[in-house]
Amino acid sequence: AAVESVNTFHPYFYAQRGWQNSKDPLIKSTILGYVSNFGQVPKQLFTKPHPPRSGSKKEGSTPPHPTPFFFKLDKLKTTAQPFRLTRGPVGQILCLEKEVLVLERNRVLLSPLSTCFFSWGFPDNSCAFGNYATEKIFAVCESLCDWGATLCAACPNPTTVITAGTSSGVCVWDVAVNKDKLSHMKLRQPLYGHTDSVTCLAVSEVHSLIVSGSRDLTCILWDMEELSYITQLAGHTTGVSALAINDLTGEIASCAGPLLYLWTMKGQLLTCTDTSCGPQADILCVSFTQRHEWDARNVIVTGCADGIIKV
């Protein structure tokens with residue numbers, strides 16, 4: 001049926017035996033090029049007719065996707081049991097499949113699947129690792145002490161910590177934590193490019209991208225695999241205070257004062273908008289909703305110093 005409907009790929013895309021032994025070097029290199037760029041397609045997924053899609057178009061049927069919360073802001077309800085943090089303001093919120101995790105400022109979770117967190121901001125410029133469930137610190141490390149005060153950090157995966165601060169450098173560290181024990185924290189490479197303190201970081205492992213924002217009025221994009229400079233986002237009118245990367249599209253949001261900037265992952269400015277409705281409306285945090293990249297209903301959410309959240 002797929003052949004009759006002209007719903008097939010080029011023969012080179014299909015997983016098959018024999019081409020490895022092809023004597024024609026041109027054909028072999030062409031096929032290898034296809035495979036390395038696009039992968040291989042299984043020859044068949046279903047041996048029976050394709051199962052029907054669940055749901056129907058009849059009136060009253062539930063939509064395939066729930067309506068985004070920002071379509072019904074008037075119906076938002078306060079949680080029955082609010083989170084109360086005793087050690088300071090909120091620093092990170094993680095919305096997992098079955099729960100919401102909230103960490104204090106200067107703390108980030110090493111991984112959504114892990115209960116270990118990385119913390120910084122101590123008077124001696126050291127850092128620490130602890131258990132989110134028990135609230136106990138199990139390791140204190142002085143690796144950061146030579147880099148001045150740490151102002152921000154990010155953990156793209158359980159074995160990598162990225163830190164930055166008053167030294168203006170961005171440090172990428174290799175860490176090994178297992179069963180509440182820190183084996184090592186070693187500097188993989190420092191990244192130099194800013195001329196003032198780095199105040200915020202955003203990381204996307206999907207796009208292999210690190211973005212750093214600084215008081216020097218710029219952001220810098222770094223390649224996470226090569227640990228090299230990509231480009232600079234210039235034009236901010238004040239120090240950059242918040243960053244976010246959309247894992248679906250690669251777009252970057254940067255915030256400076258009340259201004260919100262939207263960039264492509266290649267550094268092209270798409271738009272800049274003033275979000276203020278009054279004084280003291282500097283943006284402190286920003287995030288993307290990430291449903292589907294083809295869905296125009298995705299939005300950017302900002303939290304401002306005046307206590308107002310804007311969509």
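Here are some numbered notes on the fold, the strand pairings, the salt bridges, the cysteines and the surface of this chain.

1. **Ground rules.** This is a predicted model, with local features needing pLDDT of at least 70 and side-chain atom pairs counting only at pLDDT 80 or more, while totals for chains, interfaces and linings use all residues. Residues are numbered from 1 along each chain as its sequence is written, and side-chain values use heavy atoms, with hydrogens and water left out.

2. **Overall picture.** The chain has one helix and 21 strands; helices (H or I, at least four residues) and strands (E, at least two) are DSSP runs, numbered from the N terminus. Along the principal axes, the C-alpha atoms fill a box of roughly 70 × 55 × 45 Å. Of the 311 residues, 37% count as buried. Buried here means under 20% relative accessible area, exposed means over 50%, and partly exposed is in between (1.4 Å probe, protein chains only).

3. **The E3 to E6 sheet.** Four strands make an open antiparallel sheet in the order E3-E4-E5-E6. Strand E3 (107-109) and strand E6 (136-141) are the edges, each pairing on one side only. Neighbouring strands are turned by 25 degrees against each other on average, direction ignored; the axes are lines fitted to C-alpha atoms, and angles run from 0 to 180 degrees between N-to-C directions. Inside this sheet, E4 (residues 116-119) and E5 (residues 127-131) run antiparallel and are joined by four bridges. Pairing means that DSSP finds at least two bridges between two strands. Phe 118 stands opposite Phe 129 in E5.

4. **The E11 to E14 sheet.** Another open antiparallel sheet of four strands has the order E11-E12-E13-E14. Its edges are strand E11 (198-204) and strand E14 (228-233), each with pairing on one side only. Strand E13 (residues 219-223) pairs with E14 in the antiparallel sense over five bridges, and Cys 219 has Leu 233 in E14 as its bridge partner.

5. **Two hairpins on E9.** Strand E8 (residues 160-165) runs antiparallel to strand E9 (residues 170-177), with five bridges joining them; Ile 162 has Val 172 in E9 as its bridge partner. Four residues lie between the strands of this hairpin, and Ser 168 takes a positive phi near 75 degrees. E9 also pairs with strand E10 (residues 182-191), again in the antiparallel sense, over eight bridges. In that pairing, Trp 173 stands opposite Leu 187 in E10. The E9 and E10 hairpin has four residues between its strands, and Lys 179 in the turn has a positive phi of about 50 degrees.

6. **Salt bridges.** How many salt bridges turn up in the whole structure? The search finds three, taking a salt bridge as a side-chain nitrogen of Lys or Arg within 4 Å of a carboxyl oxygen of Asp or Glu. Arg 107 forms one with Glu 104, with the closest N and O atoms 3.5 Å apart, and both of these residues are buried. Arg 107 also meets Glu 135 at 3.1 Å, N to O. Arg 107 lies in strand E3 and Glu 135 in the loop between E5 and E6, so this pair ties together parts that are 28 residues apart in sequence. Glu 135 is partly exposed, at 29% relative accessible area. Asp 174 and Arg 188 meet at 2.5 Å, N to O; Asp 174 is in strand E9 and Arg 188 in strand E10, 14 residues apart. Salt bridges that share partners join Glu 104, Arg 107 and Glu 135 into one network.

7. **Cysteines.** There are zero disulfides in the structure, a disulfide being a pair of cysteine sulfur atoms within 2.5 Å. For Cys 127, the nearest cysteine sulfur is that of Cys 141, 4.6 Å away. Cys 127 is buried, with a relative accessible area of 0%, and Cys 200 is buried at 7%.

8. **On the surface.** Lys 75 sits in the loop between helix H1 (25-38) and strand E1 (90-95), and is exposed at 57% relative accessible area. Val 311, in the segment after strand E21 (309-310), is exposed at 51%.
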